[in-house]
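Please keep the sequence and the coordinates to hand while reading.

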Amino acid sequence: MCDSVGEGRLSPWTVSDLTTAERALLTGFRQWFRHGTAGAMAAMRASFGVAGVPSSALLPLFALLGTFAVTNAGRPAFRCPSCSRVGMDEMAVLDALAAMQAGEGDVTTQVFDRWLPLVALTMAADSARELADILDGARIRLPRRRPARLIALAAE
């Protein structure tokens, strides 16, 4: 049973629309926000293994997610791990990582700026860059879905 009722707006995507790497990252986000680093570790390792994501990606991913736990930080709305729908905030974070891979770090910073104070924003961008480099090294490319544009249009 999904307990994500009321957790942010839904995107037009479902989990089955995502690439294997996107699903692995999304599983990691959702598990981390529900259970913390220790509780999410096994699920993250398993989903990363299936997707071919190197285990070295865990450290920058944990660092990135940890920035949302700092004082005065906002928090993206992450749905429950079993939810088949993908939230707008979840897609924004995935697209921010894809933007970093595409050399568009300014887009990544703009997305994270919605939630993070300046120091945490800098740390998040550095962690996203490291994660993008690891994914690049494994020949894993995240597609640009540009949900940040959808979020902006919905807010108008």
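Buried, as used below, means a relative accessible area under 20%, exposed means over 50%, and partly exposed covers what lies in between, with a 1.4 Å probe and protein chains only. The model is predicted, so that local features need a pLDDT of at least 70 and side-chain atom pairs count only at pLDDT 80 or more, while totals for chains, interfaces and linings use all residues. Residues are numbered from 1 along each chain as its sequence is written, and side-chain values use heavy atoms, with hydrogens and water left out.

**Overall make-up**

- The protein chain has six helices and two strands, which follow one another from the N terminus in the order β-α-α-β-α-α-α-α; helices (H or I, at least four residues) and strands (E, at least two) are DSSP runs, numbered from the N terminus.
- Of the 156 residues in the protein chain, 47% are buried.
- The chain exposes about 7300 Å², of which carbon and sulfur atoms supply 55%; accessible areas come from the Shrake-Rupley method with a 1.4 Å probe, and for residues only the protein chains shown count as cover.
- Taking contact to mean heavy atoms within 4.5 Å, 75% of the contacts in the protein chain between residues at least 6 apart in sequence join residues at least 24 apart.

- Helix α3, residues 88-101, has 14 residues and reaches 20 Å from its first C-alpha to its last, close to the 20 Å expected at 1.5 Å a residue, where the expected span is 1.5 Å times one less than the number of residues.
- Helix α3 is mostly covered, with 14 of its 14 residues buried, and glycine 103, which follows the helix, has a positive phi near 80°.
- Helix α5, residues 118-137, has 20 residues and spans 29 Å from first to last C-alpha, close to the expected 28 Å.
- The buried residues of α5 include Ala120, Leu121, Ala124, Ala128 and Leu131, and what covers the buried residues of this helix includes α1 (20-51), α2 (58-66), α3 and α4 (105-112).
- After α5 comes arginine 139, whose phi is also positive, near 60°.

- In soluble globular proteins, nonpolar side chains tend to be buried together.
- Phenylalanine 112 is in contact, leaving aside neighbours within four places in sequence, with Leu64, Phe68, Val93, Ala96, Leu121, Ala124, Ala125 and Ala128.
- Leucine 65 is found in helix α2 and counts as buried because its relative accessibility is 0%; not counting residues up to four places away in sequence, leucine 65 touches Gly28, Phe29, Trp32 and Phe33.

**Aromatic pairs**

- A search of the whole structure finds six aromatic pairs, where rings of Phe, Tyr and Trp (its six-membered ring) pair if their centres lie within 6.5 Å, and planes under 30 degrees apart count as stacked, over 60 as edge-to-face and the rest as tilted.
- The rings of phenylalanine 33 and phenylalanine 68 form a tilted pair, because their centres are 6.2 Å apart and their planes lie at 50°.
- Phenylalanine 33 lies in helix α1 and phenylalanine 68 in the loop between α2 and β2 (85-87), so this pair ties together parts that are 35 residues apart in sequence.
- Phenylalanine 33 counts as buried at 13% relative accessibility, and phenylalanine 68 is buried with a relative accessible area of 7%.
- Phenylalanine 33 and phenylalanine 78 form a stacked pair, 4.5 Å centre to centre with 15° between the planes; phenylalanine 78 lies in the loop between α2 and β2, so this pair ties together parts that are 45 residues apart in sequence.
- Phenylalanine 78 counts as buried at 1% relative accessibility.
- Ring pairs link Phe29, Trp32, Phe33, Phe68, Phe78, Phe112 and Trp115 into a cluster.

**Cysteines**

- With a disulfide taken as a pair of cysteine sulfur atoms within 2.5 Å, a search of the whole structure finds zero disulfides.
- Cysteine 80 is buried with a relative accessible area of 2%, and cysteine 83 is buried with one of 7%.
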